[in-house]
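Hi,

Here is the structure I said I would pass on. Have a look at it first, and then read my notes below.

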Amino acid sequence: MKKIIRSYLAFTSKGYRIAAVICLPLAFLILRVILTLLADDPDLYIFLFSEDCMSIILLELMADRWIFGGICGKDSPRIEYLRTSGRGEQAIRNALIGDLLRRFVWMMIYACIIFALTGQIRTFSSTLSIYIVITAMLNFIRYIKTATYQQLLAFFTALIYFLCEMSFTIANYTDEGYAPAARWALPLLAVIAIVVSILTLRHMMFHIEENRYCMKRSLPEHLLHRERKETL
């Protein structure tokens, strides 16, 4: 775990950690707690929660550009360390794992807080579905190097999810509250979240290793010798 944390910190700047890891999620949680406490009308809470889903997706996908933007593309500056170090591949792998863990932990903290305020078990299933969507979209958005295209993809992903979330909410809401679909969906979504995380990590590492092979063919002999020594 120490190696994972160290590698993640190495890939993230101090400004990113302050803004995207601490300040934005904290401000988001505080604002959501205040609005949830004020939302006495269940219909208003439904809208607020669906809007939360859209905001979290936008926050995560747009902020990802600051650390892993374009990492799957060829000649990405994010994997420059692979040119001169045999340990670079493991460092990137640990950083990617750290990113998945960081995202999952803060989203579960969010779900626990909202559940404590509302008592709605559906909060956990919806939060897991958000995590799955974000993690799956990283497989596409990390090929894109242009910021504008990344932001457009993030926006449309969040918008489509918001519409699906609202449709599901309306379809499964009765006078007595939410239908029990959210309860039986929870373990299934947990399994899907684990599978998607593993597949995403493998997908990223496959392209990173492919780029590493291409880089090694272009390295001068003295750097190749240095890399062999570090790997051993």
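One definition before the notes: a residue counts as buried under 20% relative accessible area, as exposed over 50%, and as partly exposed in between. L152 has a relative accessible area of 43%, so it is partly exposed. Please keep in mind that this is a predicted model.

L152 sits in helix α7, which covers residues 147-171. It also belongs to a nonpolar patch on the surface, together with Y149, F155, F156 and I160.

Next, have a look at R17. You will find R17 in helix α2, which runs over residues 14-38. Its relative accessibility is 26%, so R17 is partly exposed too. Which residues does R17 contact, leaving aside its neighbours within four places in sequence? They are L9, T12 and I22. With L9 there is a polar detail to look at: a polar atom of the R17 side chain lies 3.0 Å from the backbone oxygen of L9.

Last, the cysteines. For anyone who needs the reminder, a disulfide is a covalent bond between the sulfur atoms of two cysteines. How many disulfides does the structure hold? The count is zero.

Cheers

Notes
Residues numbered from 1 in each chain as written. Predicted model: local features only at pLDDT ≥ 70, side-chain atom pairs only at ≥ 80, totals over all residues. Heavy atoms only, no water. Disulfide = S-S within 2.5 Å. Helix = DSSP H or I, 4+ residues; strand = E, 2+ residues; numbered from the N terminus. Buried < 20%, exposed > 50% of the residue type's maximum accessible area, 1.4 Å probe, protein only. Contact = heavy atoms within 4.5 Å. Polar contact = N/O pair within 3.5 Å; in protein donor to acceptor, adjacent residues only side chain to side chain. Patch = residues over 30% accessible without salt bridge, like charges linked within 9 Å, V, L, I, M, F, W, Y side chains within 5 Å. Areas by Shrake-Rupley, 256 points an atom, 1.4 Å probe, with all protein chains shown as cover. Salt bridge = Lys/Arg side-chain N within 4 Å of Asp/Glu carboxyl O.
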